[in-house]
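This report goes through selected features of one protein model. The sequence and the structure come first.

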Amino acid sequence: SNLSASCWSRLHPANMFNSYNVKFHHRKALTSPYPGSHIERSQVPEDKVGWLTEWEDYNPVEYTAKSVLARPNWADPQTNDEGFSPKFNERDGEVERKSLNGLYVVENGRPRNPVGRTGLTGRGLLGRWGPNHAADPVVTRWKRDGSGNKVAHPVSGKNILQFVAIKRRDCGEWAIPGGMVDPGEKITATLKREFEEEALNSLQKSPEEKAKLEKQLQKLFSQEHFVVYRGYVDDPRNTDNAWMETEAVNYHDETGETMDNLPLEAGDDAGVVKWVDISEKLELYASHSYFIKLVTEKWGAHWSEDPGSECHK
């Protein structure tokens, strides 16, 4: 995947539910400039990422975007603001401050990134101190020819799987059409809502059109599904004090009948939306390539032309 040279794909997804069984890595969370800015992170050598490694001279840059400091409803106040006393590591009213990876350290009133140093303190573009929860719906179908037969890859011989991908407006990278979990919202509702908004442009539909979409999607989103991953995400927006976590869930349309009748239309944060053939050649946003690989393993679909390939970039 795009996560690290040591390759997350050797890890079994079942182990991902507990970060203490897993060696996480930062790659995208160390990149500069910080998204949407000219801010350069302090450089963090690979052997100094972990908090257990002493580094007295560590001098990270402090940055929180103006859009976050303006206090939209999805953002916390600054930790030193009067009257702000968040309940870290627990459910705080409607805001979920628990991490999917267990307890995190709170130091000087600020949560500490459980994976390690990022060269940047504050929240950057993220609204919440600590974990910022997202949901990523991976909607898949088999690639079929004009006669409706599944298409196999000529080299691997495995059937080709397709997923609904969006091109993000903010960075131009291809991604799963996910988004942030609203306060008090169930993850199942977020998954469906984000797919509707980003891949079907539901926000611009009339009530009648939206109701029709809802009815068609209900079959897909109410069927048995596969939880691909739950936990920390190596995301370019992460900081020492705020980080992304997600639940990626696969909804597979085995016959293609449900999704074939739904008109894909980019909306909300998406610039383009389309069905994309899955293979290791895909370069996707944040940890999304890794999630997609796990889905191909689940369905026994094509991934690599090299049968002995364990890792991919």
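The sections below cover a helix, the nonpolar cores and some backbone details of this predicted model.

## Helix α5

Helix α5 covers residues 288–299. With 12 residues at 1.5 Å each, the helix should span 16 Å, and the distance between its end C-alpha atoms is 17 Å, so the two values agree. Gly300 follows α5 and has a positive phi, near 65 degrees.

Most of α5 is covered, with 9 of its 12 residues buried. The buried residues are His288, Ser289, Tyr290, Phe291, Ile292, Lys293, Leu294, Val295 and Thr296. They pack against five strands: β7 (130–142), β8 (161–168), β9 (174–175), β11 (226–232) and β12 (242–253).

## Nonpolar cores

The largest nonpolar core holds 54 residues, and the members that touch the most others are Val139, Phe163, Phe195 and Ile292. Two or more residues come from each of β7, β8, α2 (187–199), α3 (207–222), β11, β12, β13 (270–277) and α5. The largest share belongs to β12, which supplies 6 residues.

## Contacts of Phe163

Which residues does Phe163 contact, leaving aside its neighbours within four places in sequence? They include Val138, Val139 and Thr140, together with Ala175 and Ile176. Lys274, Trp275, Val276 and Ile278 are also in contact with Phe163, as are Leu282, Leu284 and Ile292. Two of these partners, Val139 and Ile292, are listed with Phe163 among the residues that touch the most other members of the largest core. Ile292 is also one of the buried residues of α5.

## Backbone exceptions

Most peptide bonds are trans, and most residues other than glycine have a negative phi. Against that background, the peptide bond between Ser32 and Pro33 is cis, with omega about -5 degrees. Pro33 belongs to the segment before β1 (61–64).

Arg71 is not a glycine, yet its phi is positive, near 60 degrees. This residue is in the loop between α1 (66–69) and β2 (91–92). Its relative accessibility is 47%, so Arg71 counts as partly exposed, a class that lies between the cut-offs of 20% and 50%. Asn89 likewise has a positive phi, near 65 degrees, without being a glycine. Asn89 is also found in the loop between α1 and β2.

Terms used
Residues numbered from 1 in each chain as written. Predicted model: local features only at pLDDT ≥ 70, side-chain atom pairs only at ≥ 80, totals over all residues. Heavy atoms only, no water. Helix = DSSP H or I, 4+ residues; strand = E, 2+ residues; numbered from the N terminus. Expected span 1.5 Å × (residues − 1). Buried < 20%, exposed > 50% of the residue type's maximum accessible area, 1.4 Å probe, protein only. Contact = heavy atoms within 4.5 Å. Core = buried A, V, L, I, M, F, W, Y, C linked by side-chain atoms within 4.5 Å.
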